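Hello,

Here is the structure I promised to pass on to you. My notes on what turned up in it follow below.

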Amino acid sequence: MYYENSGIGMGAIIGIALLILVILILVSCIKVVTQAQALVVERLGAYQATWGVGLHFKIPIIERVARKVDLKEQVADFPPQPVITKDNVTMRIDTVVFYQITDPKLFCYGVANPLMAIENLTATTLRNIIGDLELDETLTSRETINAKMRSSLDVATDPWGIKVNRVELKNIIPPAAIQDAMEKQMKAERERRESILRAEGEKKSTILVAEGNKESAILDAEAEKQAAILRAEAQKEKMIKEAEGQAEAILKVQQANADGIRFLKEAGADEAVLTMKSLEAFAKAADGKATKIIIPSEIQSIAGLVKSVTEIGSEK
């Protein structure tokens, strides 16, 4: 009785164990692929398929997941590599490569160690590119070197299912002697630029001072010109006023003479009176400083008449 019960209990335990084992195997055959990942599946050692995002089921024992591949862009920072420039200068350059797996099948079966392959390929490509450049070109041609390396690496890694998106030169480390020479050259260049800037500043200052003096002289000349014009205008105005005054005085004198003559005519003066007035006017004219006086014939006859009258009076 005991053995019978024991046999029944052992069989049930084995059955339960087998059932649990089958369930575990079935669960292990269910695969869920997340975003930006891929699974490479082999069947009996041969490539079967590449599983993308979603739920998948593999056949137990016959199929297996050969590799889990990350499809996100990845960064590989390689240590500095010794390179020699065209002018025989040895320097060390470390690079950073940004790559992405585009074909999981080629990535698994194309190359044994993809990362090491990319590192060695980067080193050889960098040596080839730097070997055609001199030191100064190497230091100033980062963008050109990056573009050439990316193009070469992208073509070389395409059979491996890898796409190189970008290559950057992280550091360029020349020898210590070259660094010292470069620092001295940079210092001399900065001093030269400082001297040039100082000289240009002094030149501009001198030019500004000269222009200021020039403008000041021009303004002084303009002021003198305006003053001379004002003086000339004042002198002209004065002369005009004086001429107008003299003209007005002459006009008044002539007006007075005309009024006197008109008064004599209106008073009925005879020819003798008019002649006497003429003699008076002539006497006033002769009273001046003229050295030569022309006497009209009418006045000469009048003078003779006056002389005759005077002589007759003296005889009486």
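Let me start with Leu169, which is buried because its relative accessible area is 5% (buried means under 20%, exposed over 50%, partly exposed in between, with a 1.4 Å probe and protein chains only). Before going further, please note that this is a predicted model, where local features need pLDDT of at least 70, side-chain atom pairs count only at pLDDT 80 or more, and totals for chains, interfaces and linings use all residues. Residues are numbered from 1 along each chain as its sequence is written, and side-chain values use heavy atoms, with hydrogens and water left out.

Leu169 belongs to strand E9 (residues 162-173); helices (H or I, at least four residues) and strands (E, at least two) are DSSP runs, numbered from the N terminus. Not counting residues up to four places away in sequence, Leu169 touches Ile93, Asp94, Thr95, Leu126, Arg142, Ile145, Asn146 and Met149, where contact means heavy atoms within 4.5 Å. Arg142 is 27 residues away from Leu169 along the chain, and their C-alpha atoms are 6.9 Å apart.

Ile93 turns up again in the pairing of two strands. It is the bridge partner, in E8, of Gln81. Strands E7 (residues 81-84) and E8 (residues 90-101) run antiparallel and are joined by four bridges; two strands pair if DSSP finds at least two bridges between them. Gln81 and Val83 make up the covered face of E7, while Pro82 and Ile84 make up the uncovered one. The hairpin of E7 and E8 has five residues between the strands, and Asn88 there takes a positive phi near 60°.

Elsewhere, His56 sits in strand E4 (residues 54-57). Its side chain reaches the backbone oxygen of Gly52 at 3.0 Å. Leaving aside neighbours within four places in sequence, His56 is in contact with Cys29, Ile30, Lys31, Val33 and Trp51.

Leu21, in helix H1 (residues 2-28), counts as partly exposed because its relative accessibility is 45%.

For the overall picture, the protein chain has eight helices and nine strands, and 19% of its 316 residues count as buried. Among contacts with a separation of 6 or more, 62% are between residues 24 or more positions apart. The chain exposes about 22,800 Å², with carbon and sulfur atoms supplying 60% of it; accessible areas come from the Shrake-Rupley method with a 1.4 Å probe, and for residues only the protein chains shown count as cover.

Best wishes

Notes
Polar contact = N/O pair within 3.5 Å; in protein donor to acceptor, adjacent residues only side chain to side chain.
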